[in-house]
Amino acid sequence: MNQYVLLKTDLNRWVEMARKKYRVYAPERVQEDIFFAPLLGPPESEFLTGLAVLPYLPPKDLVFPQSEILFSYSREGEKIALTVPDQETEASVLLGIRSCDTVGISWMDKFFRENFNDTYYGRRRDNLITVTIACNRPIKNCFCVCCEGGPFLDPGKNSFDLQLIDMNDRYLVECNSDQGETLINLDPALFSAPPPDMEAMRNRLEEEARSMFLPEPTSYMGTAIRRITADSVPSEVWTELGERCFDDGGCTFVCPCCSCFGVGYLAHGSGGCHYRFWDSCDYSGFTREVSGHNPRGEKGERFKRRFFHKLSYQYVKKDGRIGCVGCGRCITACPGEVGMPTVVETIRRSDTGDSSKE
Amino acid sequence: MIKNTPTICSFCSNGCGMFVRSRGGEAIGVIPLTGHPVGEGRLCHRGWNRYQNLRSVNRIDRPRIRDGSGFKEVSWEKALQKTADRIRGLLDRYGPESIGVIGSPWLTNEDNFRLSRFCIHVLSSKNLDGSFRFAGASALTALGSAFSYPFGSLGTIPRLKECPSILVVGGDSHRDFSPVGSRIIQAFLRGSKVVLADATVARKEHFYAAHLPYTLQQLPIALAEKSDILDDVQQCLSHKGLGLVFVADQVHPASSLISLLGLLSRLSNLEDSFPEILPLSRAPNLRGAWDMEIRPDEEGLNLHEMLERDDGIKGILIFADDLLTHLPSEPLVERLKSLEFVLVADRFNTETCRIAHCVLPLPLLAESEGTMTNCEGRVQKLRSALPPPAETRSVQKILSDLSQKVGSPLPDHVDFEVRKEMSRCVPGYQQVSDESALDSLPGVLLPGEKQLSAGAVFPESASSSSKSETFTFVAIDTLYGWNRNQMILESPVLAIEYPLDPMTLCISAADARALKLRMGETVTVRSKEGEVRLPVQPNEDVPVGMILLASHWKDVLDRLAGKGSVDTLTGSVYYPALSVTVEKI
Ligand code: SF4
Ligand code: SF4
């Protein structure tokens, strides 16, 4: 890993350089909401500080969109033409992504690329360089600190390209990949070597940031993981949580780690297309079989399954981490008020009769 | 590049704020608008998947006219001329009362307003109605009579969470309308008492403090008389600031809701203000269509009369409604099919298109501008998120062309001019000409009438079902109410989420055991009027003594219940609970 210092007054120049070669995505406000959108001018600096800024959707939709056409076909007489759409595969930079979402993208990489390289995902991912901003200050719903999802990325443990750490008038820039280095090389003169005390300052900032999270959920996460793994959560708890769930799928759509999709097709006359779209394990149709039988017809069952996948050791072992990065978006999106922290707390409070062991 | 257009979901009466996301004119996704008061950054699964029906391939792509047993595509000019000729023919031969016009809760206020003007001023007909005659009209009639019309806003969704107690009539009001359900859960978490009234479920969810196993018809009587209703339920309901939610589409007859309102006001001594009331609907603009007077005046015929009476109509103009699937009985369906002229202007190729003489393509709501009024009485602006296909034409254009051709041209007003007119002549809508208020996120909330009008306390109807060893047969209007909705059918994920209710009888698992019935075995169900044979489906969630069948199996219901009951206040047809016997074959 290499470290540099970038003055904030030089940020726009650097971004300008980047815009010449890349499509640069950064947080942008539309009405009261924030989106990652391609920059047409300088970035909005309020979104590039140590204060956490989370667009409603994680940037996963830049690599795994809500819906996309896989291929379309048309027939003329005997001739059938197949087209794979030219996806947005322009070389891109994602500026202002937060630690949690960066970890989310690494999780997606595992799902879409590890055992099987998904072309559609891969084409976009290969062309995306991430510039993360570490969070000196979390916002209301953040709990990344309990999920190893932030508030700072650890160059030894996390994979990322660049991480900017806000130090008032400058950023400490940590570069963790060759792709990151290409961005530095856009204008190396803007980046200077950090003074010797900067590392200590970085660590102090990280410590300070970590201390700003509310203490509760941190300690509960472990309990929830243990109980879910041991299947010792009373079934009434799942039933009650399930009763609060509206099957809307919002939590899965906004989750940086949810990667389930369905495939549909549209056909008209002599042509048509196949497309894929975000699906949700909240939906009763997700597991319903052709016969009509549904192994997880009950809401509580589906709810349990979802959290089993997110939190059980079985999956931690397989995926290397829990399926939650602590961004708190499920809290925003859930009409039933059963986002991750509530579930974790409810599980901790549920009496399994063996609380002495906890 | 992705375009994010802030607009309103037009799936149901809640009107949540959302961004429709598109690329190159193609819808690719949807996300909630966090600052919107109804959804507050949340959507239900219909909302989240709305983008799917925005690119349906089942759109009507060209005007077409009947040609023998099939159709042929024609130019707009020809289709409109043909329609105008047929209208003129009917007017000349039978007079204006031979034509009926169907407006729609899937049209904007402006378009409904234009339609009602067209019907009255161009056709001089008074036969104006909507398919909500059979699902929604009874509720709105009841509210109009309990509170003097216009009742405006009777409550808001965000305020529901502050109600110390809430009466939920029918579990669907919670389950199917997540912004409302969300506030019910928030109220519960704040310590409010939530009471569920639902005769068709055996079990209540944990956030309900009590469950009253009654239909809306039985509920006022039960509350007034039954000693087995706990005092504390009565106590709960007598709180000041009670919230009342129900699915307007499920209210039958109007008098049952009037009785309930009367009774609740008596229980809680409401002098000054009445509780928060939310009449939900599965259609996005039930309130708006009603307020734009898509309904007959005293002299006109309602939809039921148009089709049922011998001196009913000869031709019908249907706008944005799959009317055929909404008719509650087979004879009405047959009448519709046998009319001399049927015009359908719609978006998708529906069942009703197939029986039309002329079919005209309309843009989707997501391709249109205009306003809609949600269940709270909130008037909100739609923004066109997608370009309409070239061959579609707006209702404005169609009506202006048709009125020219019929010979009495209507002023061709654009939306904001129509809103100016609305603000002058639609009761309660004075503020809709305030464009900047309409452009704001909360839209315009109609002024509310919270005082029960004198005499609203209706005598309780005496139709309480007598308990006996027999079963109670209830036609339930749940899933089907959604899956006759074309927007559901055109969204692959939602079509799976809303499977068609099969023609099977749901019976409680305990009753099935007692009758030695297994899944799929056939029984004979007998009522006073007739009998049917159908397979059963035992279900833990069905209460003992109940038999449930989805309400769209019209011929089964016709056989068991005769012709159904007619709501004398509204002309709506419905099937009240029946006493039946059940026998294993
Ligand atoms: S969850 Fe952590 S990493 Fe994500 S925005 Fe909040 S503080 Fe930053
Ligand atoms: S509740 Fe109704 S308006 Fe809101 S997202 Fe769902 S369907 Fe759309």
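Buried means under 20% relative accessible area, exposed over 50%, and partly exposed in between, worked out with a 1.4 Å probe on protein chains only. Keep that scale in mind as we walk through the structure.

This is a predicted model, in which local features need pLDDT of at least 70, side-chain atom pairs count only at pLDDT 80 or more, and totals for chains, interfaces and linings use all residues. Residues are numbered from 1 along each chain as its sequence is written, chains are lettered from A and ligands numbered from 1 in the order in which they are written, and side-chain values use heavy atoms, with hydrogens and water left out.

## Where the two chains meet

Let's start with the interface. The size of an interface is often given as the accessible area lost when the parts come together. Here chain A and chain B bury about 3800 Å² between them, 57% of it on carbon and sulfur atoms; buried area is the accessible area (1.4 Å probe) that two parts lose on being put together, summed over both. Contact means heavy atoms within 4.5 Å, and by that rule 39 residues of chain A touch 45 residues of chain B.

There are 15 residue pairs in polar contact between chain A and chain B, both residues at pLDDT 80 or more. On the side of chain A that touches chain B, strand E3 (33-38), helix H8 (235-244), helix H9 (250-254), strand E11 (261-268), strand E12 (271-278) and helix H12 (329-333) each supply at least two residues. Helices (H or I, at least four residues) and strands (E, at least two) are DSSP runs, numbered from the N terminus. By class, that side of chain A has 19 nonpolar, 9 polar and 11 charged residues. A polar contact is a pair of N or O atoms within 3.5 Å; within protein, one must be able to donate a hydrogen and the other to accept it, and residues adjacent in sequence count only if both atoms are side-chain atoms.

For the classes, Ala, Val, Leu, Ile, Met, Phe, Trp, Tyr, Cys and Pro count as nonpolar, Asp, Glu, Lys and Arg as charged, and the others, Gly among them, as polar.

## Salt bridges

Side chains of opposite charge can pair when their charged atoms come close. A salt bridge is a side-chain nitrogen of Lys or Arg within 4 Å of a carboxyl oxygen of Asp or Glu. The count is 56 salt bridges over all chains, and 3 salt bridges between chain A and chain B. Here are some examples.

| Salt bridge | Closest N and O atoms |
|---|---|
| A:Glu243 and B:Arg203 | 3.3 Å |
| B:Glu293 and B:Arg295 | 3.9 Å |

B:Asp311 is exposed at 52%, and B:Arg309 is partly exposed at 33%.

B:Glu293 is partly exposed, with a relative accessible area of 41%. B:Glu293 sits in the loop between helix H12 (286-291) and helix H13 (303-308) of chain B, and its phi is near 65°, a positive value in a residue other than glycine.

## Around the ligands

A residue is near a molecule if one of its heavy atoms lies within 4 Å of it. Ligand 1 is surrounded by residues of chain A, including A:Ser99, A:Cys100, A:Phe213 and A:Cys327. The shell around ligand 1 has 9 nonpolar, 3 polar and no charged residues. Ligand 2 has residues of chain B around it, among them B:Cys9, B:Phe11, B:Arg46 and B:Pro179. Its shell divides into 7 nonpolar, 3 polar and 1 charged.

## Some spots in the backbone

B:Gly103 lies in the loop between strand E6 (99-102) and helix H4 (109-122) of chain B. B:Gly103 is buried, with a relative accessible area of 0%. Leaving aside neighbours within four places in sequence, its contacts include B:Asn112, B:Asp129 and B:Phe319. B:Gly103 and B:Met292 are 189 residues apart in sequence and 9.6 Å apart in space, C-alpha to C-alpha.

Finally, look for two cis peptide bonds. One joins A:Gly150 and A:Pro151, with omega about 5°; the other runs from B:His252 to B:Pro253, with omega near -20°.
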